[in-house]
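Thanks for coming. I will go through one structure, starting with a pocket, then a sheet, then the core.

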Amino acid sequence: LKLNGDNAVGLGAVGAVINVNGGKIELTSPGTMFVIQNNGKINIAADTELVIPDNDMTIFTVIDSVFENNSERALLIPVDSVGIYGKTSVIINNSRIASKIISGVKAAQSTGIYLEDFGQAVNNDVIDLGDKGIGLFGNYSGMRNGQTGTIIIGNEGVGEYIVFGSLMENEGKILIGERSIGLYAKDVSGSVIYPGTGKENQIKNSGEIYSAGELSTGIYSVGLDNVNRSEIQNTGTINLVGNSSMGIIGERTDIINSGNITLGSGQVSLSGIDFAMGILGRDSKVILDGGKITLGNYSLGVGVTSILEDAVLEIKAGEISVGEEGIYNYVKNISPDKTAVLYDSSGGYYDLNRTKQVGIYSAGGDVYSNKTINVREGTDSKGVYVENGLLRDITVSGLTVNVESGETGIIAKNDPLSQKNITLNNNINVTGNSAEGLLHEEGKVINSGKIIINGTDSFGIISVVK
């Protein structure tokens, strides 16, 4: 069977069964190899030869059907093509799907499974695609990379990608290249809520996301609806060892993490420092409820930023570790009528024993924490750095900061033109010599906490106008 025209269909089964017992099916121009509709079936013998062009193909189109891919052969996808397209259908993949090798290179911009109109899919085998590939894509659909599923993506691609009120889960493994994303959700104007979730988009990772490439991202969600927010739940493992990678990023998205995130280091670029980031929430709520976040140098453990909506970082449990010139917690507010707040009830301590570390950095954000921060001798580290502008009063309260010789516990800097206050209510223990408990650089700062000095040549409070 040979078809030469554009947009041709090789075989179509509409509520019927077609058995292909060998021979050859060839499409010489872009089109669709097989169409299955109304629960039709096409059974293809392993010795059947399939010949397709090198671009713009859909291998299977499935409409209003349940389709299970149990092929003994790999489903090979050319450039700008789709392996299985499903509309209002259930797709179960139990066979290998891979980019076609063209001139020795994996075909780019291919999609393993593409779903629309409340389609459902589960991948139980291997999807192996080239650069800019997408393993699973869903538009108002639900999809899952099962426990035996593996998705492999080259550079600048996405393992699983959802839009317009969808659900995606990873229970297996996702391996991505540089500048790629493991799980990506993007809301668009007018998105519906995925049934049963109450969320714009919902992302769940209980499996493993891995990359050795630079500038990769484990999970990224961009939401629009501030009431029925998108949500990320990570109970699995994110291991990104390339430079300047990001574990979880959320915009107008609730992030709940009890999994483990391990990243490499950030790096210095012409524009400054490209930080490695464990978790960052923009206009989002981030909850740490366990797990370990381990990062290299030039890194940010967990942070939130308020731009257009309130941002909250709530730490209930878990461990955070950063390298040299790393920041454990970051909270920033740039809105006059919104807030950015850190609540930490987990106790424990941050041990600043590497060069130029910062325990908590607040730029216009409130901090309420029972954490103990140890600023170790010889590190040039800072327990807390807090700065404020013209927007609102802020408070940093509840911390215990232990300061060893030659180090500084808290630095507070307010805009000298501001009528807003920085209020500090913490316990500072200056245990070393030639150390500073609180360094006030400028502006209105109120300290109502306790400062104890045990070392010599040390200051409880020192005010310096720069």
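This is a predicted model: local features need pLDDT of at least 70, side-chain atom pairs count only at pLDDT 80 or more; totals for chains, interfaces and linings use all residues.

The lining of the largest pocket is made up of 27 residues, and Ile44, Phe60, Asn69, Ser71 and Arg73 lie nearest its centre. Which elements give two or more residues to that lining? They are β5 (31–37), β6 (41–44), β7 (49–51), β8 (58–63), β9 (66–69) and β10 (75–77). By residue type, the lining of the largest pocket splits into 17 nonpolar, 5 polar and 5 charged. The volume of the largest pocket is about 600 Å³.

Next, the sheet. In general, strands of a sheet pair through backbone hydrogen bonds, either parallel or antiparallel. Here 3 strands form an open sheet with parallel pairing, in the order β1-β4-β7. β1 (2–3) and β7 are at the edges with a single partner strand each, so one side of each has no neighbour in the sheet. Strand β4, residues 24–27, is joined to β7 by 3 bridges, and the two run parallel. Ile25 is opposite Leu50 in β7.

In soluble globular proteins, nonpolar side chains tend to be buried together. The largest nonpolar core in this model has 85 residues, and Phe60, Ile84 and Ile279 have the most contacts inside it. Strand β47, residues 394–403, gives the most to this core, with 5 residues. A second, separate core has 11 residues, among them Ile249, Val358, Ile411 and Leu439.

Back to Phe60. What is Phe60 in contact with, leaving aside its neighbours within four places in sequence? The residues are Phe34, Ile36, Ile44, Phe67, Leu75, Gly83, Ile84 and Tyr85. Phe60 also lies among the residues nearest the centre of the largest pocket.

Conventions
Residues are numbered from 1 along each chain as its sequence is written. Side-chain values use heavy atoms; hydrogens and water are left out. On a 1 Å grid over the protein atoms alone, a cavity is a set of points where a 1.4 Å probe fits but cannot get out, and a pocket is an open set with protein on both sides within 12 Å along at least five of seven lines; lining residues have an atom within 4 Å of a point. Grid points are joined across faces, edges and corners, and a volume is the space filled by probe spheres set on the points. Helices (H or I, at least four residues) and strands (E, at least two) are DSSP runs, numbered from the N terminus. Ala, Val, Leu, Ile, Met, Phe, Trp, Tyr, Cys and Pro count as nonpolar, Asp, Glu, Lys and Arg as charged, and the others, Gly among them, as polar. Two strands pair if DSSP finds at least two bridges between them. A nonpolar core is a set of buried Ala, Val, Leu, Ile, Met, Phe, Trp, Tyr and Cys residues joined through side-chain atoms within 4.5 Å. Buried means under 20% relative accessible area, exposed over 50%, partly exposed in between (1.4 Å probe, protein chains only). Contact means heavy atoms within 4.5 Å.
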